[in-house]
Amino acid sequence: MSDINARIDAEVKANDVVLFMKGTPQFPMCGFSGQVVQILSYVGVPFKGVNVLEDQEIREGIKAYSNWPTIPQLYVKGEFVGGCDITREMFQAGELQALFEEKGIAVKQAS
């Protein structure tokens, strides 16, 4: 495993929910990253944002790591979930919330 793969692997395994994104959770730098941040915030799941714009190695390495060409990329308990479209579709269908609960990650209850 290359150094960059090891660094990405460590992030994915050390955090229950990780979003590799452009920008930060507080200041997303693209609409797709912003949408995923909004979804995660709405369901109330704590997550770590990794800003790929700060590190070119991670920006390119994450694409090879997941075999997925675009950013953002969401990981839950070490497992690649998908990008913006997949995350949004799963959220709208209630599947994302079910995945979090199945993995033992508490979600905010809808009021």
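Predicted model: local features only at pLDDT ≥ 70, side-chain atom pairs only at ≥ 80, totals over all residues.
## Basis of the description

Residues are numbered from 1 along each chain as its sequence is written. Local features need pLDDT of at least 70, and side-chain atom pairs count only at pLDDT 80 or more. Helices are DSSP runs of H or I with at least four residues, numbered from the N terminus.

## Two sides of α4

Helix α4 spans residues 84-93. Its residues C84, T87, M90 and F91 are buried, that is, under 20% relative accessible area with a 1.4 Å probe and protein chains only. These residues lie on the same side of α4, because they cover an arc of only 135° around the axis; the arc is that of the directions from the helix axis to the C-beta atoms.

## Packing with α2

Two packed helices are described by the angle between their axes and the distance between the axes. The axes of α2 and α4 are 9 Å apart, at an angle of about 30°. The two helices are therefore roughly parallel, a term for angles under 35 degrees. Contact, meaning heavy atoms within 4.5 Å, involves residues including F32 and I39 of α2 and R88 and F91 of α4.

## Packing with α5

G94, with a positive phi near 80°, follows α4. Helix α5 covers residues 95-102, and its axis comes within 5 Å of that of α4, crossing at roughly 85°. These helices are therefore roughly perpendicular, the term for 65 to 115 degrees.

Conventions. Heavy atoms only, no water. Axes fitted to C-alpha atoms, helices over the stretch in contact; angles between N-to-C directions. Parallel < 35°, antiparallel > 145°, perpendicular 65-115°, else oblique. Buried < 20%, exposed > 50% of the residue type's maximum accessible area, 1.4 Å probe, protein only.
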